[in-house]
2 protein chains.
Amino acid sequence: MRLLVIGGIAAGLSAAARARRIDPNLEILVLEKGDAISYGACGLPYYVEDRVHSADELIVYTPEYFRKERNITVRTGAEVVEIAHARREVALAGGERIHYDRLVIATGARPHCGAITGTDQPHVFRLNTLADGIRLKTYLAEHKPRRAVIIGGGFIGLEAVDSLRRNGLGITLFQAGKHLLRREDADLTNALVGHLQRFGVKTRLSERVPAIEADRVGDTPCDLVLLAVGLRPNAEIAATAGVEMGRTGAIRVDDRMQTNLGGIYAAGDCAEAMHLVTGRPAYIPLGTTANKQGRVAGANAAGVRERFAGVVGTCALSVFGLGVGMTGLSVEQARREGFSPVSSRIEARARARYFGGKSTMVELIADKSSGRLLGGVVTGEQGVAGRINVVAAALHNRMTVDEFERLDLAYAPPFSTVWDPLLIAAQQLVRQI
Amino acid sequence: MRLLVIGGIAAGLSAAARARRIDPNLEILVLEKGDAISYGACGLPYYVEDRVHSADELIVYTPEYFRKERNITVRTGAEVVEIAHARREVALAGGERIHYDRLVIATGARPHCGAITGTDQPHVFRLNTLADGIRLKTYLAEHKPRRAVIIGGGFIGLEAVDSLRRNGLGITLFQAGKHLLRREDADLTNALVGHLQRFGVKTRLSERVPAIEADRVGDTPCDLVLLAVGLRPNAEIAATAGVEMGRTGAIRVDDRMQTNLGGIYAAGDCAEAMHLVTGRPAYIPLGTTANKQGRVAGANAAGVRERFAGVVGTCALSVFGLGVGMTGLSVEQARREGFSPVSSRIEARARARYFGGKSTMVELIADKSSGRLLGGVVTGEQGVAGRINVVAAALHNRMTVDEFERLDLAYAPPFSTVWDPLLIAAQQLVRQI
């Protein structure tokens with residue numbers, strides 16, 4: 001019985017490791033098209049910044065480790081170009097064909113450059129794979145570029161703004177839509193634009209870049225371009241094999257990570273995930289979800305029923321010291337999903353003044369008719385991740401604002417105020433319901 | 001219609017303010033036996049440390065503020081010595097009698113010194129009221145004591161250890177029981193004892209102090225003693241008036257904060273609170289609970305039905321930079337409450353190594369038969385309050401460990417690791433269920 005896994009980063013290796021833990025006798029083979037496996041892609045901006053000095057530091061496990069310690073074979077440089085499910089075979093780029101009994105597709109995602117021309121020039125980069133990171137960092141060292149254009153104001157774009165700015169580059173950030181971080185939240189975008197400006201970064205919203213030229217992007221001269229545009233699932237070989245895609249364009253899966261084809265599972269950035277607030281599949285590619293989905297896919301592929309609970313869309317980033325945490329739906333998203341959203345936005349000290357407490361912003365969004373909490377945003381320099389995670393836990397449990405307001409949260413002056421900012425926001429929101 | 005509130009700190013003033021918001025016409029009178037009102041008692045250790053320079057900085061609102069801005073009369077130095085409920089009257093120490101229609105008892109708590117003799121000497125202190133703090137700080141300045149004994153290893157005791165040590169005093173901490181922080185958790189106690197030792201503090205566990213002498217406590221010479229023993233509710237005048245006490249010795253209340261006597265409410269450190277994990281009333285006097293209970297008491301006293309949801313016992317403190325967060329039940333408590341507790345304890349990095357991530361300890365406790373999460377402890381230097389609050393939210397929602405393990409928590413290298421330490425602990429615990 002052979003389990004074949006396509007993809008050797010987060011989801012693929014989580015699947016392989018989990019399957020091995022369940023079944024010591026399964027033959028497990030992982031095929032990774034790149035040279036490196038098991039790296040923390042979320043660390044790439046910090047590798048470029050040189051906070052992480054060596055690419056090796058981002059690598060968690062080697063193929064050697066998997067072979068020796070887990071009895072899992074990992075082949076790098078092995079690109080699958082076809083899945084022939086009727087014969088239970090995949091074909092590699094070199095022509096080799098490999099049989100499988102169970103298959104986990106963990107092919108990840110890639111930046112979606114759309115109609116932008118000139119993306120293949122030597123001064124144009126992506127920050128999606130370890131190889132991308134190494135290529136960019138080498139270029140920085142060898143060519144010492146001075147002016148960068150970053151295309152895309154999502155997480156990777158903003159983290160790269162921070163990394164490259166700290167390397168001394170002048171930065172202009174282009175964002176095709178009018179909001180940053182893919183959240184339709186004008187206040188959050190305004191706050192971020194102002195924050196970036198204080199660090200000398202220009203932000204150009206609602207500007208779609210048609211072409212990258214050798215020395216400029218539109219009217220902006222530059223000697224380095226980073227494509228940090230939105231991700232699109234690497235799902236073509238799956239689609240060709242008859243694997244069904246969902247409405248989002250990613251692979252449709254059930255809560256056991258099964259695709260429509262028997263014995264084929266999908267996990268990570270190529271797959272959808274059930275959004276627990278909307279009750280509908282969403283495409284929110286994140287490392288945390290990839291790891292969780294991979295484990296579930298591996299368990300089921302190894303014959304144990306496990307369920308992926310779904311996501312609430314929790315994420316966080318830090319840009320020039322400002323933390324941003326988000327979960328659930330924005331007001332705009334909530335409205336589009338058929339809710340009647342109301343929201344409160346408060347500023348309060350994150351901890352006691354005499355413990356250096358700085359201002360933190362908390363926004364909570366709820367459904368006016370049911371009182372159910374739908375989402376939240378926390379920004380500030382202190383306690384951002386902890387607070388957004390409390391909101392995430394509330395969303396998992398479908399708490400109402402009324403219930404949320406009563407949470408017994410910790411208080412001590414080094415950590416909080418006696419009414420935690422989360423509860424202050426909830427008190428304000430309760431009055432609107 | 002007059003609402004009378006006995007006590008002008010957290011619960012009492014929360015009740016008065018909430019009642020005023022609901023009913024602009026209610027006559028509201030607050031009687032406080034001390035000189036100061038509305039101060040943050042949790043800040044007292046930091047006032048003693050001189051991180052907070054002036055006692056005024058701990059005061060949130062003055063009687064003047066309440067009179068002018070809220071139309072609430074606050075009398076200080078007004079000690080109630082009797083409640084005559086049949087006549088709806090209270091008697092003050094000076095003999096004055098005051099009528100009420102509704103009464104909120106928010107008389108707080110005091111250190112319970114038991115049989116310790118010598119507690120009334122000039123070098124013996126408490127740290128319960130603002131007056132206590134001022135007296136201690138004045139003594140430190142005037143007498144420059146060099147060796148302190150602290151009796152009681154609960155929250156106030158440990159925070160005072162930190163404050164006094166930072167003032168240069170040599171410290172010996174006596175704890176009558178064998179555990180610190182009133183949590184039957186030998187590992188936590190050992191970790192704390194080791195941590196205190198690194199800062200030159202001696203801890204003497206399982207040593208009941210019978211007497212305080214002029215220059216020593218037992219075999220330990222000292223020139224200052226702080227009584228930080230457990231709190232006991234100030235409920236004598238309530239009891240004498242026929243207000244029923246619960247099994248814990250504090251005032252028994254329903255979820256609207258009503259006592260057994262019609263029109264009398266109780267809130268804060270003199271009252272019980274429903275513990276949502278055990279389903280039974282508990283006595284866990286904390287400022288957060290006092291504020292919440294006060295609001296509910298005030299609302300109901302003003303004629304609006306509101307419910308206090310109960311507590312899960314969440315608390316946090318920092319001692320010499322080590323944060324400790326706790327919620328729910330310890331293994332020992334859980335066993336005594338009839339659960340079959342299992343627990344996992346893990347150490348993991350609180351965030352990415354390259355963001356200075358330090359080790360954090362997470363313990364989770366669950367019931368083996370139901371899988372329900374019962375409690376948790378988080379210690380470390382980073383992210384302690386945020387993580388314990390996620391566990392607290394889980395306890396409010398009666399989550400199982402299985403559900404908790406699937407939480408969609410935020411990840412970015414400055415804040416966490418891709419598997420948050422909370423989820424690592426949950427993964428370990430799931431295997432035991």
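## A tour of the A–B interface and its salt bridges

Start at R51(A), which is partly exposed, with a relative accessible area of 30% (buried is under 20%, exposed over 50%, partly exposed in between, with a 1.4 Å probe and protein chains only). The model is predicted: local features need pLDDT of at least 70 and side-chain atom pairs pLDDT 80 or more, while totals for chains, interfaces and linings use all residues. Residues are numbered from 1 along each chain as its sequence is written, chains are lettered from A and ligands numbered from 1 in the order written, and side-chain values use heavy atoms, without hydrogens or water.

E49(A) counts as buried, at 15% relative accessibility. Over all chains, the structure holds 56 salt bridges.

Next, select the contact between the chains (heavy atoms within 4.5 Å). Chain A gives 56 residues to it and chain B gives 55. Together the two chains bury about 4,900 Å², of which 60% is on carbon and sulfur atoms; buried area is the accessible area (1.4 Å probe) that two parts lose on being put together, summed over both. Colour Y354(A), R406(A) and D408(A): these supply 15% of the area that chain A buries against chain B, more than any other three residues.

Across this interface there are 4 salt bridges. One of the pairs to display is R353(B) with E57(A), whose closest N and O atoms are 3.6 Å apart. Another salt bridge to show is E405(A) with R295(B), at 3.2 Å from N to O. This pair crosses between chains, from helix α11 (residues 401-405) of chain A to helix α8 (residues 287-301) of chain B; helices are DSSP runs (H or I, at least four residues), and strands are runs of E of at least two, both numbered from the N terminus. Are E405(A) and R295(B) buried or exposed? Both are buried.

Finally, move to chain B and select R387(B) and D420(B), a salt bridge with its closest N and O atoms 3.0 Å apart. The pair links distant parts of the chain, 33 residues apart: R387(B) is in helix α10 (residues 384-396), and D420(B) is in the loop between α11 (401-405) and α12 (421-430). R387(B) is buried, with a relative accessible area of 7%, and D420(B) is buried at 3%.

Methods: Salt bridge = Lys/Arg side-chain N within 4 Å of Asp/Glu carboxyl O.
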